[in-house]
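Student: I have a model open and would like to talk through it with you. Shall we take it piece by piece?

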Number of protein chains: 4
Amino acid sequence: MKAIKDSVHDHVPVCDLAADLLDTPELQRLRHIKQLSTVRLVYPSANHTRFEHSLGVYHLAREACSLLGVEGDRALAVRAAALLHDVGHGPYGHQTEGIIERRLGRHHDEVGDLLTSGRLAAVLERHGLDPAEVAALVEGRGRLGQLVAGELDVDRMDYLVRDAHHTGVPYGTIDHSRLLAALQFRDDDLVLSAGNVQTAEGTLVARTLMNATVYRHHVSRIAGAMLERAGERLLDATDLLPEEFARMTDDRLLGALRDCEATADAARRLERRDLHKRAVWAKLDAVPRAVVTADRDDVRAFERDIASVADVPPESVLVDTPGEPSMPESSTRVVVDGEVRRLADESPLVEGLRAAGRSQWRLGVYAPEESLPEVEAAAERVLGLAT
Amino acid sequence: MKAIKDSVHDHVPVCDLAADLLDTPELQRLRHIKQLSTVRLVYPSANHTRFEHSLGVYHLAREACSLLGVEGDRALAVRAAALLHDVGHGPYGHQTEGIIERRLGRHHDEVGDLLTSGRLAAVLERHGLDPAEVAALVEGRGRLGQLVAGELDVDRMDYLVRDAHHTGVPYGTIDHSRLLAALQFRDDDLVLSAGNVQTAEGTLVARTLMNATVYRHHVSRIAGAMLERAGERLLDATDLLPEEFARMTDDRLLGALRDCEATADAARRLERRDLHKRAVWAKLDAVPRAVVTADRDDVRAFERDIASVADVPPESVLVDTPGEPSMPESSTRVVVDGEVRRLADESPLVEGLRAAGRSQWRLGVYAPEESLPEVEAAAERVLGLAT
Amino acid sequence: MKAIKDSVHDHVPVCDLAADLLDTPELQRLRHIKQLSTVRLVYPSANHTRFEHSLGVYHLAREACSLLGVEGDRALAVRAAALLHDVGHGPYGHQTEGIIERRLGRHHDEVGDLLTSGRLAAVLERHGLDPAEVAALVEGRGRLGQLVAGELDVDRMDYLVRDAHHTGVPYGTIDHSRLLAALQFRDDDLVLSAGNVQTAEGTLVARTLMNATVYRHHVSRIAGAMLERAGERLLDATDLLPEEFARMTDDRLLGALRDCEATADAARRLERRDLHKRAVWAKLDAVPRAVVTADRDDVRAFERDIASVADVPPESVLVDTPGEPSMPESSTRVVVDGEVRRLADESPLVEGLRAAGRSQWRLGVYAPEESLPEVEAAAERVLGLAT
Amino acid sequence: MKAIKDSVHDHVPVCDLAADLLDTPELQRLRHIKQLSTVRLVYPSANHTRFEHSLGVYHLAREACSLLGVEGDRALAVRAAALLHDVGHGPYGHQTEGIIERRLGRHHDEVGDLLTSGRLAAVLERHGLDPAEVAALVEGRGRLGQLVAGELDVDRMDYLVRDAHHTGVPYGTIDHSRLLAALQFRDDDLVLSAGNVQTAEGTLVARTLMNATVYRHHVSRIAGAMLERAGERLLDATDLLPEEFARMTDDRLLGALRDCEATADAARRLERRDLHKRAVWAKLDAVPRAVVTADRDDVRAFERDIASVADVPPESVLVDTPGEPSMPESSTRVVVDGEVRRLADESPLVEGLRAAGRSQWRLGVYAPEESLPEVEAAAERVLGLAT
């Protein structure tokens, strides 16, 4: 069997199906999409891509199937779904997710269109698989779908460890080999076997600490907000189709932003790391509920109002709301004393992590350095922030 | 400068004072005391010693002094204290702590006697240091003592990372380089600089998860309890002086246990990992408060009573109470918004970790496999456990 | 002091000068140039950039100066040179070196122009440094220049370890901390102190094994040759100035190749990893000396002749000659028995490594898969290869 | 399946047979024998044991069988042999090998007696295995025996990586996952598949560099020589049977040395790292051939003569000859151009490594610090060393 060397999992054996899928332009494209998009502006080593991550998820899926006794075509389908789980991502991954959802009405894991026609479908069918079934697994549907997208999926196991390896921040280093070995099915639910409350807690803790120090670092959030606004303006100012936008790579989007007058300044700033700064960085309890739950149109209205009050150009104010704090992993199920229980009911740590998540929550308002004082004052008034 | 290769910190430069101290029998003795004593019976790679740990603590102390601008003789004294901080440990470290405290009335960090006379004093004085001052630092006294023994000491930074490296359990992998860089003095308090709430949380989390999976693993606790009882019996049955006992190495103690009739069986069992098993493993809320807070004499009385009710030899029942759950690191001080605050007041995670610590707490009653049912029934009755 | 997290060196403290230099567009540009250019097509995790490498080299330079007792402005200049040592690189680093040398007549480490005017000069002068002196250090001139560019430079120490970390191939994992500690000046020569023959051998071995498995992997060489030819064609077919070309990033070059008709196909192939294959892969002793030492024009003539004989389009044949095998590190000087000696004179391993390098040498002729047989036959005839 | 956490291979699944074998006193004994015996006196982190190493070898054997398609009882036998391959070692491993061979006439891998009667035989038979067949595998006999003891055995793959991990010396970090994947049988020979000349070279290089920096470090050799002589004296001075000696652990031997008058001083010196020093450290070409090839009795005669000439007590002179340099791995077979070839015939590096091995070779003569000058002069005369 062919093998590919990976910096995290070392030697990844690659089956024929995977080798064929890896050769498609759809998967090769993921070489050009960074796993952590703008985080590299804070952690300069974090240049890993969704390609190597996909390979890692494939590898863990193979191990999980083997440990769970899932074999034959069902295992093949799970491996294919693991390898393909990110092909629906737009350029800069999560940073353009909102744009794509608003303009195309689909989430990045809705890959039915991509998988059921064209080259990927042809490869899957040649290996005896039903593309629609693989697409369903990517969306987390069905019993085995839980392995690909769920609280205990192999996606998370790979990205936490990989992000830790590449940023140099150790918090993500979960015990993924133990996690894999602890997976079991109880009826149709994927759960952790007895004795693994701490294994589950460890994963939750890793997510919470990585959120605070890596995924939601303010510099990455500022760059992400700048990129997202520039993406919107690009679509508004040119005849680029949303479908084309969604299929770009990081580089192609940056190139397009450079070439468009309305976004050239943003492109230059992103390329040179000459970013906006924080005018506001407010905690959850200082922010009115209506602002926390604001939708896209509300946010835009806030930005316009703040710019108007501050008397600065409208495009120079960015309001960045992470939405309500949540923690999906808290519903992980663990076997305790022979029964399946929700981790949140079993571990008092979950409540602490939830509270930590809320205390780490921040609303950001960003602006060029020279207009920070005006924007800060205006934002506090317009948004009604407690001070 | 001489250097020693370390599996955790790689290249550890060694100053002349340290080189001279390392050559003393007192420090060489630490080569023969395992850092995690009986944990190696669960994690077979955990054979690291207090010698290499001491070297690591010395290394971090050197870096901390350098980052904090502590120089000259004061830095030299801190480095000496770091290197010497474990010379007061008895064989098998924490497992014989209770014996030594009861028989000699001193804690392992009370190293005044050891440091202020004999070879160690001679070396310290030759390098211009006052042995009494170094002993005070080992006990955590004074401003700089906080670096050696306190919530933010370099001891903890070394052992968490080292224990993770050697057990293979990743949870202890704290961000010790960031922690070091974040240290600062505010007045006379050692605190973490602004922006380091997560750094402090990360350390607490590491401790909590390492407690559950490594430090308090039941197999290690059973072996530890067997060892401790055997140590007591050895002192009772022979004319070995407590002072001699306290200066033994792991091997010498095991040899002495083998050679004494009253303890030969325990020695054989420890050597072959043929251990007692859990008759009881009870949660905090199932255990009467009087049992949780029981002192040594109470525990012995419980053991005798259980053995009598179960009709088994008295030495075959071991009651193991970890005492009240505590979490000293929660008082770590962090700068937030320009003020020094206690981590417990700032981080909602601390409360969750405290609760997790309580939920991990277990009372153990151990016995040979063949008498488990009788001992279980007897222990529930004698100790008044909720079932 | 500010610090940046690095996946290899962990916590890299950053002085004010470095912080100011890092903010310049010249250094930010290195975020967009991959350290190993086309190697990522073989080792998908190898996405690290010259930015993080430069930071690593800066870090090691700081440590080397500190260990060697180099202080004040001289140390500052060395650190600046270390951080800036790669700003002269064109897009895709070594892959476009030839183009830039031929068209601009300068090597990538000739950074005089870049450093002595404009923003970099301004920053250096503001910190009291002479830009011309820093440029001389980058070129390896002078006593301290040996630390930046020489057989024992910190550049090599960083890249071997970093490339190993990111490819997952362990051979590059040299003992860089020991190497650093072993550096010393003898008169004006940078040498390794006594007892370090193996330390030097280890570095040579690492280079030799990394060459064979990573740096000169055939897939990377094929992609590199395709990229180099496309770069030439781009400059021939458009009015892009060589100066502009030399200042591009990886992405900008790939974008330009996509936008130019003469290179669009190459761009698509590189992006999708749909590469040429080997028609010839010949050992040193099968290749006539005239071919081994062929210059650029000769190679082009070979390509045209082969294409003509094979009756395929001229641009579809690539001849790739690595030039004469060499091993600059063999002149590393080591103190043995109190005298400075050349490693090659001291270590019999050097001759073996030199021979291994020669046996790993390959001449490549590449072509699209469909024309491999014709090209192979034509190449053997035109080049006069022994078969 | 049960699993054990290992610091090198992380999660090691353990089959029922292995679990039963691990519970025997014969395997538990290996917890008390250090893998690198006296090397820990140079590299203080090198406290790993033959127990964890055996577990690692078992793990790699399982993977190798799976990759090679070896299944059923044959795979079970290989795994058993891998786990048991070190049970024949005496205390301090290789350091007492000579004593055991001379007194008992058997090599440490002759484990027939140990395996074919008693507890180990019972466990093996209970799992349907023939103990004699497992013993043959441990000795490297038969086709599958090559996996357990041969140039490409899993023993070497584990110890190089493990020793690197625990000493902190990176040279041993071979690419063991690639090595495993490259194994194949050609007729009845275990060889490396095509494209793996560098994989084989990497292993040889690792051995050569680890020899020089770790395995044959002079401090370890001095301590080893002291231990070996003390072992001989112990057997001569007491009624300890060689059979008993061979079954001791490190601790028990050290205890016995302490308790015997003739060896108490050596024990104290070893425990406190208060070792002899080098009076002579001579290269191969300075040593007469008769000394290089001297047997045990010759060496003893040399020691007595040197002591007599130097007028020091006979037991204070130790002559330490490593025997003729050799490199068994050079006969590793690799597939090149479809044919099986010996690595030494294919790789010019082998000759360089052989020469490096010869240039690293040293004859040592050791003595207490105070008598070094006399012993040096006497040794040069008695041994006829070139100076």
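Student: How far apart do the end C-alpha atoms of residues 50–160 of chain A lie?

Tutor: Happy to start there, keeping in mind that this is a predicted model. An unreviewed UniProt entry annotates residues 50–160 of chain A as "domain: HD". The span is 65% helix and 0% strand. Its end C-alpha atoms lie apart by 13 Å.

Student: Is His176(C) buried or exposed?

Tutor: His176(C) sits in helix α11 (residues 176–182) of chain C. Leaving aside residues up to four places away in sequence, its contacts are Met157(C) and Val161(C). A residue needs 20 or more other C-beta atoms within 10 Å to qualify. Because His176(C) has 26 C-beta neighbours inside 10 Å, it counts as buried.

Student: Which elements of chain B give two or more residues to the side that touches chain D?

Tutor: In this contact, 27 residues of chain B meet 27 residues of chain D. By class, the chain B side has 8 nonpolar, 11 polar and 8 charged residues. The elements of chain B that give two or more residues are β1 (2–6), α2 (25–28), α3 (50–68), α10 (154–167) and α15 (250–259).

Student: How many of the 10 residues of helix α15 (residues 250–259) of chain D are buried?

Tutor: The buried residues of α15(D) include Leu253(D), Leu254(D) and Leu257(D), and also Asp250(D), Asp251(D) and Arg252(D). Their cover includes α15 of chain B, along with α13 (218–237) and α16 (264–272) of chain D. Helix α15 of chain D is largely enclosed by the rest of the structure, because its count of buried residues is 8 of the 10.

Student: Which strands stand at the edges of the open sheet in chain D?

Tutor: The sheet has 3 strands in the order β5-β9-β6 (chain D), with antiparallel pairing. Each edge strand has a single partner, so one side of each is left without a neighbour in the sheet: these are β5 (277–283) and β6 (318–320) of chain D.

Student: How many bridges join β5(D) to strand β9 (residues 362–367) of chain D?

Tutor: These two strands run antiparallel. Within the pair, Lys277(D) stands opposite Ala367(D). The number of bridges joining β5(D) to β9 of chain D is 6.

How values were computed. Residues numbered from 1 in each chain as written. Chains lettered and ligands numbered in written order. Predicted model: local features only at pLDDT ≥ 70, side-chain atom pairs only at ≥ 80, totals over all residues. Contact = placed C-beta atoms within 7 Å. Helix = DSSP H or I, 4+ residues; strand = E, 2+ residues; numbered from the N terminus. Nonpolar A, V, L, I, M, F, W, Y, C, P; charged D, E, K, R; others polar. Buried ≥ 20, exposed ≤ 12 C-beta atoms within 10 Å, placed from the backbone. UniProt positions renumbered as here; feature names shortened; annotations may be inferred. Pairing = 2+ DSSP bridges.
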